[in-house]
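Have the viewer open as you read.

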Amino acid sequence: MSRTRTAVVTVVTLFSTIIAAAAATSASAQTAVGAPKAPYATAGRWITDSQGRVYITSGVNMVYKKGTYQPSDTGFSDDDAAFLQSIGVDSVRLGLAWKAVEPSPGVYDDKYIDGLIATTRMLDRYGISTLVDSHQDMQNERFQGQGAPDWAVKDKGWPSFPQLGFPANSLLNLGLLVSWDAFLDNEAGPGGVGLQDRYAAMWGHVAKRFKNVPGVLGWDIINEPLAGSKWGECLDPANRCPAVVAKLGRLHEKTGRAIRAQTSNGVVMYEPIALITLGAPALTAPPKVKNQALSYHSYCPFITLFNFQPFCEG
């Protein structure tokens, strides 16, 4: 498909990750050769490829946030992968929508997951690894966002007001704040099952379906999680919203374990509360699973505008 169309229908964000390995060398050791290959793992603070080498990757974000939520339905295909390869891009953060994976409680759409697997296999043919990203922005279409299925929204009658779009709704939309609190609290949803428990089980099913698929760099548990109604506490250096951080940590732990119960491949990526990008001093603890890493998004306005970060090192 044309580059123009791809740019219009997708959200593309350049990102880079420095990935390294600490490996002992000896006179008898063979020199690692060839392009980086899965399985990817961690060694100390670094991520390694199958040969334990330094892995420096430049990539793009490929997330389709409406309709079928299937990136390939935008026309993303071999010609795009070939183009990315030609300009030195070797990783893609591929968006997955909980709403599309689990349209009804406990019912999974394997056809949708298989579409993502097909894209992952296609990218691997061009030497491009895939970070599978469970993407959400402002939770659901009800709040001018996307990600969670309608049945997982618990606004308790609070209106979706004001509707100011992204990112203002994350802080001000009443229904969104209440519904996100319910998610963090693991409140019971349909069938009396906690919302976080449903989410972790969804990820377990995805990981099982993806098992042994080549080229998987890792699993991004949830994109830019919110703080709910307690977001003001997260900006307070004297508070650091410990309750919110603990609840998010439990989500990471449950989901990380659900993924690892199905596959040992790939790096489990966890994200802090989204406000940390503005300097909020509220960093979440990592899940206690093998091969995990922090996925940090930096949107600090001071860096963006002035290449200077006086308040960006929370």
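## Lys65 and its partner

With a relative accessibility of 28%, Lys65 counts as partly exposed (buried is under 20% relative accessible area, exposed is over 50%, and partly exposed is in between, with a 1.4 Å probe and protein chains only). Its side chain meets that of Asp137 in a salt bridge, at 2.8 Å from N to O; the term stands for a side-chain nitrogen of Lys or Arg within 4 Å of a carboxyl oxygen of Asp or Glu. Lys65 sits in the loop between strand S4 (55-62) and helix H2 (78-86), and Asp137 in the loop between S6 and H5, so the pair ties together parts that are 72 residues apart in sequence. Asp137 counts as buried, at 10% relative accessibility.

Bear in mind that this is a predicted model: local features need pLDDT of at least 70, side-chain atom pairs count only at pLDDT 80 or more, and totals for chains, interfaces and linings use all residues. Residues are numbered from 1 along each chain as its sequence is written, and side-chain values use heavy atoms, with hydrogens and water left out. As for the labels, helices (H or I, at least four residues) and strands (E, at least two) are DSSP runs numbered from the N terminus.

## Other salt bridges

What else do the charged side chains get up to? A search of the whole structure turns up 16 salt bridges. One of them joins Arg209 and Asp114, at 2.9 Å from N to O. This pair links distant parts of the chain, with Arg209 in helix H7 (residues 195-210) and Asp114 in helix H4 (residues 110-125), 95 residues apart. Arg209 is partly exposed at 36% relative accessible area, and Asp114 is partly exposed at 30%.

Asp185 pairs up with Lys247 in a salt bridge, their closest N and O atoms being 2.6 Å apart. Asp185 lies in the loop between helix H6 (174-184) and H7, and Lys247 in helix H9 (residues 242-260), so this pair ties together parts 62 residues apart in sequence. Asp185 is partly exposed at 37%, as is Lys247 at 24%. Then there's a network of salt bridges that links Arg93, Asp133, Asp220 and Glu271.

## Empty space inside

Rolling a probe the size of a water molecule over the atoms shows where empty space is left. A cavity is a set of points, on a 1 Å grid over the protein atoms alone, where a 1.4 Å probe fits but cannot get out; lining residues have an atom within 4 Å of a point. The structure holds 4 cavities of 30 Å³ or more.

The largest cavity has a volume of about 80 Å³, and its lining includes Trp98, His135, Trp180, Phe183 and Tyr199. That lining divides into 6 nonpolar, 5 polar and no charged residues. The second largest cavity has about 50 Å³ of space, with Lys37, Tyr40 and Asp124 among its lining residues.

## A nonpolar patch

On the surface, Trp158, Phe161 and Leu174 form a nonpolar patch with about 320 Å² of accessible area together. Patch members have over 30% relative accessible area and no salt bridge, with nonpolar side chains joined within 5 Å and like charges within 9 Å. Phe161 counts as exposed, at 52% relative accessibility, and lies in the loop between strand S6 (129-134) and helix H5 (169-172).

Notes
Areas by Shrake-Rupley, 256 points an atom, 1.4 Å probe, with all protein chains shown as cover. 1 Å grid on protein atoms, 1.4 Å probe; cavity = no way out; pocket = protein on both sides within 12 Å on 5 of 7 lines; lining within 4 Å. Points joined across faces, edges and corners; volume = space filled by probe spheres on them. Nonpolar A, V, L, I, M, F, W, Y, C, P; charged D, E, K, R; others polar.
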